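We will go from stop to stop, picking a few residues each time.

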Amino acid sequence: MSNFVSIVIPIFNEEGSLVELIERTLKACRTTAHSFEVILIDDGSSDTSAVIIEEAAASYEEIVGVFLNRNYGQHAAVFAGFEQSRGDVVITIDGDLQNPPEEIPKLITEIGKGYDVVGTMRKKRSDSLFRRLASRMVNRGVRRVTGVMMSDYGCMLRAYTRPVVKAMLDCREHSTFIPILANTFARTSTEIGVAHDERRSGDSKYSIIKLIGLQFDLLTSMSTFPLKVLSILGAGMAMAGFAFAILLLVARIILGSGWAADGIFTLFAFLFFFVGAQFMGLGILGEYIGRIYHDVRRRPRYFVQEVKRFDPDQGLEKEQRRFF
């Protein structure tokens with residue numbers, strides 16, 4: 001393994017914990033025998049996070065500041081960090097300090113054993129019961145769909161080798177879920193346990209709506225499994241509807257028309273169920289068609305407004321503007 005490691009951290013409105021994050025990350029990386037860089041991606045923050053990143057890039061030679069022109073979401077911001085990274089090993093970590101930076105050396109040691117991807121599982125999660133239960137259900141579903149037996153796909157603290165990162169950057173689709181995408185290119189992968197702390201400041205950037213959207217990305221970006229489930233459900237409901245129609249016909253013949261009239265609301269209940277299922281199916285199909293629409297337009301996944309690196313002679317390096 002090369003001695004150079006890149007730490008990629010997406011930042012969105014984390015001014016309350018950002019200074020501590022930078023200090024702890026630098027301290028943790030300096031305990032290793034590897035050269036490193038810390039890439040902080042400002043994902044269109046509306047607070048003073050961008051200012052803090054700019055000051056850090058001017059003060060520490062290991063800090064690289066990447067500034068997006070608006071908020072594109074966590075995974076797009078991570079891709080922006082991948083594009084700027086130079087290390088043969090790239091480690092991603094959340095910017096809210098729930099993933100302790102002190103765990104970074106453990107990932108460096110583990111990936112040095114020859115793995116392409118090192119995932120992590122949070123030993124004692126400091127999240128709400130709802131988040132833990134939802135995460136458990138999603139992880140179980142992902143394991144079934146992808147066949148990769150990792151326990152915790154929701155933890156951003158992960159390590160990747162350069163060939164895996166390069167392969168991910170060559171993928172141009174907009175809807176991506178990085179942990180699963182990386183596993184499609186990894187020959188060997190493993191998972192280790194890490195600590196998980198409570199959020200130091202601010203609120204989670206993932207509302208229920210964003211979490212639902214993330215799950216759609218997760219399911220539809222890597223598999224057509226939802227379409228297969230939809231086909232099976234459609235066939236099952238069609239058979240059930242046919243059987244129910246035969247039952248109504250027989251009951252009408254044997255018991256008379258009065259019985260059939262009395263069961264009209266039951267018929268409506270089944271009708272509403274089938275109509276709802278059809279709309280659900282159309283929604284899933286719409287998700288796939290919408291993603292095709294976004295991809296065929298070939299618009300950039302994000303726009304890097306500027307990149308700032310430490311220059312001991314002239315301060316910060318000149319601004320760069322690039323589309324990706």
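Is Glu20 buried, partly exposed or exposed? Select Glu20 and take a look: with a relative accessibility of 28%, Glu20 is partly exposed. Keep in mind throughout that this is a predicted model.

**Stop 1**

**Stop 2: two strands**

Now select Glu37 and Arg309. Here the side chains meet in a salt bridge at 3.7 Å, again given from N to O. Colour strand E2 (residues 35-42) to find Glu37, and strand E8 (residues 303-311) to find Arg309; the pair therefore ties together parts that lie 272 residues apart in sequence. Glu37 is buried, at 1% relative accessibility, and Arg309 is buried too, with a relative accessible area of 13%.

**Stop 3: Glu306 and Lys308**

Select Glu306 and Lys308 next. A salt bridge joins their side chains, with an N to O distance of 3.8 Å. Glu306 is buried at 17% relative accessible area, and Lys308 is buried at 12%.

How many salt bridges does a search of the whole structure find? The search finds 10.

**Stop 4: where two helices cross**

For the last stop, show helix H6 (residues 162-169) and helix H7 (residues 178-185) as cartoons. Their axes come within 9 Å and cross at roughly 115 degrees. Angles of 65 to 115 degrees count as roughly perpendicular, and H6 and H7 are therefore described that way relative to each other. The crossing of H6 past H7 is right-handed.

Which residues meet there? On the H6 side, select Val164, Ala167 and Met168; on the H7 side, select Ile178, Leu181, Ala182 and Phe185. Colour this contact by residue type and you will find seven nonpolar residues, no polar ones and no charged ones.

How values were computed: Residues numbered from 1 in each chain as written. Predicted model: local features only at pLDDT ≥ 70, side-chain atom pairs only at ≥ 80, totals over all residues. Heavy atoms only, no water. Axes fitted to C-alpha atoms, helices over the stretch in contact; angles between N-to-C directions. Helix = DSSP H or I, 4+ residues; strand = E, 2+ residues; numbered from the N terminus. Parallel < 35°, antiparallel > 145°, perpendicular 65-115°, else oblique. Left-handed = near helix turned anticlockwise from the far one by under 90°. Contact = heavy atoms within 4.5 Å. Nonpolar A, V, L, I, M, F, W, Y, C, P; charged D, E, K, R; others polar. Salt bridge = Lys/Arg side-chain N within 4 Å of Asp/Glu carboxyl O. Buried < 20%, exposed > 50% of the residue type's maximum accessible area, 1.4 Å probe, protein only.
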